[in-house]
Amino acid sequence: MKKKILVTGGTGYIGSHTVVELQNAGYEVVIVDDLSNSNADVLDGIEKITGIRPVFVELDCNNKEGLNKLFLDNPGIKGIIHFAASKAVGESVQKPLLYYRNNIVTLLNLLELMPVHGVEGIVFSSSCTVYGQPDILPVTEDAPIKPALSPYGNTKQINEEIIRDTIYAGTPFKSIILRYFNPIGAHPSAEIGELPNGVPQNLVPFLTQTAIGIRQELSVFGDDYDTPDGSCIRDYINVVDLAKAHVIAVERMLENKSEEKLEIFNLGTGRGVSVLELINAFEKGTGVKVPYKIVGRREGDIEKVWADPDRANNVLGWTAKESVEDTIVTVWKWQLKLRERGIQ
Ligand code: UD1
């Protein structure tokens, strides 16, 4: 058995896929999650895929005493992957303080407790949102950080700064910051996937819910952008590929494979895909039509962004393998499974 890893937000979308890959790689996992945007049934899915039920602690990471007890009850945690966060851009504009508390106090609690309990490293879940609309595409990790367009985006920037300042102050642990582009897809077994609460804000869950008839019509936000078909361009990255990058990052951090105390990597495919291309890929891959209409632009949307993944490719030795075309089919399989289970 390899080292023990604490995964905050481990029953969430990216968290659960990462727990699967960690367990497949031999790590012992402790999940902490307050289930505010996920369900404990996810643990069954993880167990079905890996044959191992991870230790689960239901707790809000804002509760520092509770976290301290978690470390005492689960001795020997060597690394943390910190996913737990609120992530709805629109909601963050309405409820900024909720976002600042949930996304910042939780990180402070973890960073303060790490040296007390001998934790050697933390992988932080950041976002390409820190680049805003980049001046040069594909965007590298050295591109300037742009003013955030939402409190959610601001929390990611502030979190990165908190980690940087803490590491440079000479703390006895390391960190790797991973900037995700747009994670999509579900585990090929369809045992776990994305399960948003209420009306999905993100493109792919809205698309599959429309295809299955839960939503009437998908709105495409704008077709007058400066892109070949006029719709926005993103770098859609398969969630299992993304999860695997975390396992590599944890190993790099804890096995001292790098001299650096802090490293930052873009996690994307390097390929930009438009909203209309994605709808098209879904229809081709599944044979299912998606009713959609073009509406006005969504406030705060970036026109186009895709990653330069060279650093992750060359330094981490990680590459996104799955194509958008294959990935989008895994989401449909997941959506059908949810229907079969009577969930949606
Ligand atoms: C946003 C955030 C990102 C965050 C992610 C998680 C920004 C700039 N981006 O990504 O940081 O990690 O959410 O929630 O803050 N679209 C439609 N119709 C829909 C929904 C989306 O056309 O019903 C379009 C959008 O205009 C966009 C693309 O689909 O062009 C992707 O949107 P979405 O899935 O919401 O992700 P981002 O906005 O890229």
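This dialogue reads a few features of a predicted model.

Q: Is Glu283 buried or exposed, and what is its relative accessible area?
A: Buried means under 20% relative accessible area. Glu283 has a relative accessible area of 16%, so it is buried.

Q: Where does Glu283 lie, and which residues does Glu283 touch?
A: Glu283 belongs to helix 9, residues 275-286. Leaving aside residues up to four places away in sequence, Glu283 touches Val288, Lys289 and Val290. With Lys289 there is also a polar contact between the two side chains, at 3.4 Å.

Q: What is found at the start of helix 8, and what just after it?
A: At the start, a side-chain oxygen of Asn238 comes to within 2.7 Å of the backbone nitrogen of Val240. Just after helix 8, Asn256 has a positive phi of about 50°.

Q: Which residues of strand 8 are on its covered face, and which on its uncovered one?
A: In strand 8, residues 218-221, Leu218 and Val220 form the covered face, while Ser219 and Phe221 form the uncovered one.

Q: Which strand is joined to strand 8, and by how many bridges?
A: Strand 13, residues 292-295, runs parallel to strand 8 and is joined to it by four bridges. Within this pair, Leu218 stands opposite Tyr292 of strand 13.

Note on methods. Residues are numbered from 1 along each chain as its sequence is written. This is a predicted model: local features need pLDDT of at least 70, side-chain atom pairs count only at pLDDT 80 or more; totals for chains, interfaces and linings use all residues. Side-chain values use heavy atoms; hydrogens and water are left out. Buried means under 20% relative accessible area, exposed over 50%, partly exposed in between (1.4 Å probe, protein chains only). Helices (H or I, at least four residues) and strands (E, at least two) are DSSP runs, numbered from the N terminus. Two strands pair if DSSP finds at least two bridges between them. A polar contact is a pair of N or O atoms within 3.5 Å; within protein, one must be able to donate a hydrogen and the other to accept it, and residues adjacent in sequence count only if both atoms are side-chain atoms. Contact means heavy atoms within 4.5 Å.
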